[in-house]
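Subject: Structure for your files

Hello,

Here is the structure I promised to pass on. My notes on it follow below.

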Amino acid sequence: MEQIIKENFKVLTLFLEKIDFNFYSKNDCSKEIEVKVKVEEDIFKKLKEADTEYVTSKYERNFMYDLKGQDLKKDGVVCRVRRERDLRSGAQNILLTLKKRVETQDNFKEQIELESKVSDEELEKLDNALNESNLVTWFLYEKFRHIFKVKDANVEIVVDVLPLIGRFIEIEGEREEILKALKIIGIEEKDTQKSSYINLFKSHKRGTSNEYKFSQYEAFLVAEKEIMLISENWPLSESSCGHSCSCCSHSCHSCSEE
């Protein structure tokens, strides 16, 4: 792991020395391979017909960090802090993720990806290290995310709902397994893309900001709608967060604030 960090994240050396967190990868090769497709609400029907298993739904706030000269962006490196809340269990997590882009000639997005779960005790250390390393938030976006598993393909499927740009499905795994999952769901490979959400925000005709957040009222409506769409296809247990996070008398956006 140390060798992977040393080879791919030299631009973050000062920051990483200050935090000294334990990083892990989702797989043995530390690579994330995925494709993205713009979809509509009928994607849930397709997933149900493909016999996918619904896992959970989350609300996320993604803070993207860079140096003032955008050295990370120029080097193809991403430093992200994600605050997430599980809408079924109510559990909240903070994740520090490092990514390094790998150039490909197809629609598959490939990156070196390492992650570290940040405990409450480590949060102050993380904030201090970001400040002392001159890393600042240059982009912020929110999203609701539904997570699924496919019975006959070794992939993770997520359906994301974002402000302004709408609904997307992402499929992550090995190339062959991704192609298998696309076929199972009924999505053509030619319809896939590897653009990041940041680039999709920027390419939108109203993409002129560096912050893309739901208003509190929008978040309330989105949470209501998404839980309804999920419950129409997969039964939710009584321990689910319910409709619009009624368990805490706020929208999902509000109860996920810092």
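Phenylalanine 201 and tyrosine 212 are both buried (under 20% relative accessible area; exposed is over 50% and partly exposed is in between, with a 1.4 Å probe and protein chains only). Before the rest, some ground rules. This is a predicted model, in which local features need pLDDT of at least 70 and side-chain atom pairs count only at pLDDT 80 or more, while totals for chains, interfaces and linings use all residues. Residues are numbered from 1 along each chain as its sequence is written, and side-chain values use heavy atoms, with hydrogens and water left out.

Aromatic rings

There are 14 aromatic pairs in the structure. Rings of Phe, Tyr and Trp (its six-membered ring) pair if their centres lie within 6.5 Å; planes under 30 degrees apart count as stacked, over 60 as edge-to-face and the rest as tilted. Tyrosine 54 and tryptophan 234 make a tilted pair, with 6.2 Å centre to centre and 35° between the planes. Because tyrosine 54 lies in strand β2 and tryptophan 234 in the segment after α8, this pair ties together parts 180 residues apart in sequence. Helices (H or I, at least four residues) and strands (E, at least two) are DSSP runs, numbered from the N terminus. Tyrosine 54 has a relative accessible area of 8%, so it is buried; tryptophan 234, at 6%, also counts as buried.

Phenylalanine 201 and tyrosine 212 form a stacked pair, 4.2 Å centre to centre with 15° between the planes. Phenylalanine 201 is in helix α7 (residues 197-203) and tyrosine 212 in strand β9 (residues 211-212). Both belong to a cluster linked by ring pairs, together with Trp138, Phe139, Tyr141, Phe168 and Tyr197.

Two lysines have their charged ends over rings of that cluster. Lysine 36 sits over tyrosine 197, 4.7 Å from the ring centre, and lysine 38 over phenylalanine 168, at 5.4 Å. The criterion is NZ of Lys or CZ of Arg within 6 Å of the ring centre and within 35 degrees of the ring normal.

Helix α8

Helix α8 (residues 216-233) has 18 residues, which at 1.5 Å a residue should span 26 Å; its end C-alpha atoms are 27 Å apart, which agrees. The expected span is 1.5 Å times one less than the number of residues. Its buried residues are Ala219, Val222, Ala223, Glu226, Ile227, Leu229, Ile230 and Asn233.

Cores

The largest nonpolar core has 27 residues, with Leu12, Phe15 and Leu96 among those with the most contacts inside it. A nonpolar core is a set of buried Ala, Val, Leu, Ile, Met, Phe, Trp, Tyr and Cys residues joined through side-chain atoms within 4.5 Å. Helix α5 gives the most to this core, with four residues. Another core, of 25 residues, lies apart from it and includes Val39, Leu47, Phe148 and Ile171.

Regards
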